[in-house]
Amino acid sequence: MVNRGNKWVLTGFVWIIALFVLYYPFNKTAAAPLGRNILIINSYHYGNPFSDGETEGILKALHGSDANILINIEYMDWKNHPSSKRRQTFYEDIKLKYANQKIDLIVAEDDPALEFALAYRKELFADCPIVFCGVNEDSRQKIITNQKRVSGIIEDTDGKGTTEAALKINPHLKDIYIIHDNSKIGIAMGNLTAQQVYQISADIKVHFVNKMTTEQICNFASTLSNNSIVLITTFLRDNYGNSVVSTDFCRMVSQNSAVPVYHLYDYALGYGTIGGNLFSPVLHGEAAGQMAIQVLNGANIDDIPISYEKNTRLVFDYNSMKRFGIELPNLPEGSEVINKPFSFYENYKTMVNSVLAAFVLLLLFSGSLLFNIRKRKYAEHVLREKNEELNSLYEELASSEEELRINYTELSQKQVDLIKSEERHSLVLEGSNDVIWDYDVKTNHIYFSERILDMLGYEDECITSMEAFKAIVHPEDRPLLEPEKVIYDPCQNSHFYTEVRLKCRDGEYKWAFIRGKVLIDTEGVIVRIAGSMTDITAKKNNEQKMYYMAYYDMLTGVANRASLEKAFAELGAKRDAVIIFLDVDYFKHINDTMGHSFGDKVLINLAEILAAYANPHVLVTRLGGDEFTILYTDYQQQAEINNYAQSIMQALDTPLCIDDTLIKISISMGIACYPQDGQNFGEILKNADTALYYAKNGGRKRYVYFKQTMNDELAKRLKLETDLQEALLQHQFILHYQPQVDVYSGRICGFESLVRWIRPGVGLVFPGEFIGVTEETGLIIEMGKVIIGQACAFVARLKREIGTDLCVSVNVSAIQFEQDDFIEVVVAAITSAGINPASLGIEITETVCINNFADTAIKIDQLRNMGIEVLLDDFGTGYASLKYLRHLAITKLKMDKTFIDDAFLTTKPEENIIETIILLAHKLGMQVVAEGVEKREQLDLLAKYQCDIIQGYYFSKPLPEEEALNIVQKYNG
């Protein structure tokens, strides 16, 4: 035993030495200096799945190193508060927090964090190195210009790889519906993904889905055909600007979609998406963390190149594959599958085969052993038979004695069981919360245990007959206790159950659950019933509360959507009804200015007003937010609905008094009729919502009935939006140039650039047909950049081919001018074209000045400081004010065409508006450009009033680029 013990000790010692040699890092790189501080700046908020994934990967890499690192994490919350004010607040917080703390390295996640770190690195962090991640190549080129001590990992989503995977799964794929929001990043991601799709196949059609609510997207996805897919890029806000949880949005779309839903990021896995070649924020962050470790270990960050490695995973969700019947062999080679059912044999194939081989050997050994055992058993059998013959005589003698002993034991046990049963019965009566009762049918006597005092307040002697018991039962429940209600079938269960309300001694009612067992005599007649009675008042109250929570709105107290669906389902096919879909006009403005608590009180007051106009035919419900619906049934004529809607609107003419504040609200209504406008609840509600959309677009504070043409118009609008997005990708926007002529010299002194759309299948489309849509969708921002770039390129061509520096002006919308990077866009276009800034003019309208006068003045000053001309377009048609003219560095004032028309051309001094405008502009040091000059008489009068420049069809219509070059050579040559 001692030798064997020493053997095991020696063996264990050898294993320990082997493990030590195998795992101890003899060649371990020297650790980074102690006490190194890393600051991780996160652009967004904690809980954002993309940001949390990046942070997880960074921390995984840093914690896996041997460096002694102090990690600090800060969140800019840029998604929720993307403003210069938020950036200034963050700057002040960081400056205060890290005033006495040295930061050795900054890890910046996404664009806003990188811009902040570069802007304040020298001031706040002693010019420490920066490692970035979550920044795509376009943003990197814009943000990092000649900066040193900065490197990082480029974010590169793979829409192309996901599309190739989708084609592998479904070779008949024809349409891809790209879902993205209308944020700057969302539009950019949608366009980038579309470009990647077109790289694979020009036969695949790309459709952008970015102007719908979440519910509309879900409904739309449910109608798609089998040769299409849904591809989600970035969707953080819905069509109303409300924040959307990405994972919840993925789950909702996937649950309703008729086709597979793909995604660009792996955090959407497990929420219904099928997968794809997904960008992994964790892998991306881990790569950034590894680069940070290199810098901490002494590497020069300027020697570390920017990494373009794709941090993607070709991964699919088995549960989603199963839903759409996608088999594993259909997946691309090398795909990873999650949620795949566990297969013991596949995972432990080698071990199973080894066990089977061992089992076969064991069977052979067992067979040999069994043969020997049987021989031995046969000998034992012979001996046992002889022994049994001897024992049988003894057992016969002992059996009589054993039988007597068993009978005595059974008798004693029955006596003990009887005593225990009586004790148990007594304990049950004393310990139970139920009232025990026993009713003798023949004598009409009923017995209640003492618990009836605790439950109802009665002494048990007070209720001794069935009549006395029925007297305390609620009148509506007494029929439940009639003999005919106690159904007894000898072949079935002899138990019965019922619930009744019992009157307590103090007059209150309590709910009781009564259960009992029926006893019958030999003739099948009921002779006795006994059972228990339980107080279920609390349970009933909870059921009522749960019913209220399920069918009523907690804020306003009116019915909710579930009640509306239930009521609609009960209508039947022969009853007429309408659904009125309404919401509060400008409610978001109320929330933004007065606060959400005030907004809730507005909704409560509105609900009270709607409830006041309710009747047996009206059901008022709240769907959520400021959206309410009214189900009006069994009306006789449409005039009845009209009067009802007008009555509610008139009631809202009286201001509401909330928290001592008077506020006047209005509502818009959309009305859909059943069954004319839809055969089911979802269709009727959707069409009422569509009618509401038209009511709001038509000026608000009105009601509109649904028409089938509305859906057609919305489809046309969606087609127009899709075509406009395609036009940007396919470079279908061009510029025409209308000459501007110096009144005194007759020479061309400039051009106004005017955008045109060459729409396939339509031809040349003028801006009046599509500019409004681009402003609503945000496409005007990207289109504006293209227009400015084309105008600058035309200026460069004028200089290169004709040798003249003419000023070309570009119309800029209020949305484009208000962008934070507008000045940078203009500077980039001028730099790219290599032109003199004085050859570019920016035309703005009075609306731009009104929206944010202070910011407008700053941007105009920046443009003028670079030499760029600023023109005030359509002067006199809007909110003209001397304040704008006096305080804004406007160089030219463009007089609107309405002042040039014959109705305004008069020689009477008191009516000479044109002369007054020209004199005013000249006094303020501005030139005047007269638009819309079409007649010689108009030109002569403008020359008389000393107008500087004319523009109009009298001289030339807007011309394509080649014709514009020719006309300059003709008149200025």
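**Notes on salt bridges, surface patches and backbone features**

1. The side chains of Asp 434 and Arg 515 meet in a salt bridge, with N and O 3.6 Å apart; the term salt bridge here means a side-chain nitrogen of Lys or Arg within 4 Å of a carboxyl oxygen of Asp or Glu. Asp 434 lies in the loop between H13 and strand S13 (435–440) while Arg 515 belongs to strand S16 (residues 509–520), so the pair ties together parts that are 81 residues apart in sequence. Helices (H or I, at least four residues) and strands (E, at least two) are DSSP runs, numbered from the N terminus. Asp 434 counts as buried because its relative accessibility is 19%, and Arg 515 counts as partly exposed because its relative accessible area is 27%. For these words, buried means under 20% relative accessible area, exposed means over 50%, and partly exposed lies in between (1.4 Å probe, protein chains only).

2. Before reading further, please keep in mind that this is a predicted model, in which local features need pLDDT of at least 70 and side-chain atom pairs count only at pLDDT 80 or more, whereas totals for chains, interfaces and linings use all residues. Residues are numbered from 1 along each chain as its sequence is written, and side-chain values use heavy atoms, with hydrogens and water left out.

3. How many salt bridges does the rule give? The count comes to 43 salt bridges, and the general idea behind them is that side chains of opposite charge can pair when their charged atoms come close. One of them joins Glu 721 and Arg 717, at 2.8 Å from N to O. Because these two residues are four apart in helix H22 (residues 708–730), Glu 721 and Arg 717 are separated by about one helical turn, and both Glu 721 and Arg 717 are buried.

4. Another salt bridge is formed by Glu 843 with Lys 894, where the closest N and O atoms are 3.0 Å apart. Glu 843 lies in strand S29 (residues 840–844) and Lys 894 in strand S31 (residues 892–895), so this pair ties together parts that are 51 residues apart in sequence. Glu 843 counts as buried because its relative accessibility is 1%, and Lys 894 is buried too, with a relative accessible area of 0%. Elsewhere, Glu 499, Lys 539, Lys 540 and Glu 543 are linked in a network of salt bridges.

5. Patches are made of residues with over 30% relative accessible area and no salt bridge, like charges being joined within 9 Å and nonpolar side chains (Val, Leu, Ile, Met, Phe, Trp, Tyr) within 5 Å.

6. A nonpolar surface patch of about 670 Å² is made by Phe 359, Leu 362, Leu 363, Phe 365, Leu 369, Leu 370 and Ile 373, the accessible areas coming from the Shrake-Rupley method with a 1.4 Å probe and, for residues, only the protein chains shown counting as cover. Leu 362 lies in helix H13 and counts as partly exposed, at 48% relative accessibility.

7. Which two residues does a cis peptide bond join? Tyr 674 and Pro 675 are joined in this way, with omega about 10°, and Pro 675 is found in the loop between strand S23 (667–674) and helix H21 (681–697).

8. Asp 77 has a positive phi of about 55° although it is not a glycine; Asp 77 sits in the loop between strand S2 (69–75) and helix H3 (84–97) and is buried, with a relative accessible area of 18%. Gln 946, also a residue other than glycine, has a positive phi near 65°; Gln 946 lies in the loop between helix H31 (936–944) and strand S33 (949–951) and is partly exposed, with a relative accessible area of 47%.

9. The count of disulfides comes to zero, a disulfide being taken as a pair of cysteine sulfur atoms within 2.5 Å. Among the cysteines, Cys 128 is buried with a relative accessible area of 4%, and Cys 673 counts as buried at 10% relative accessibility.
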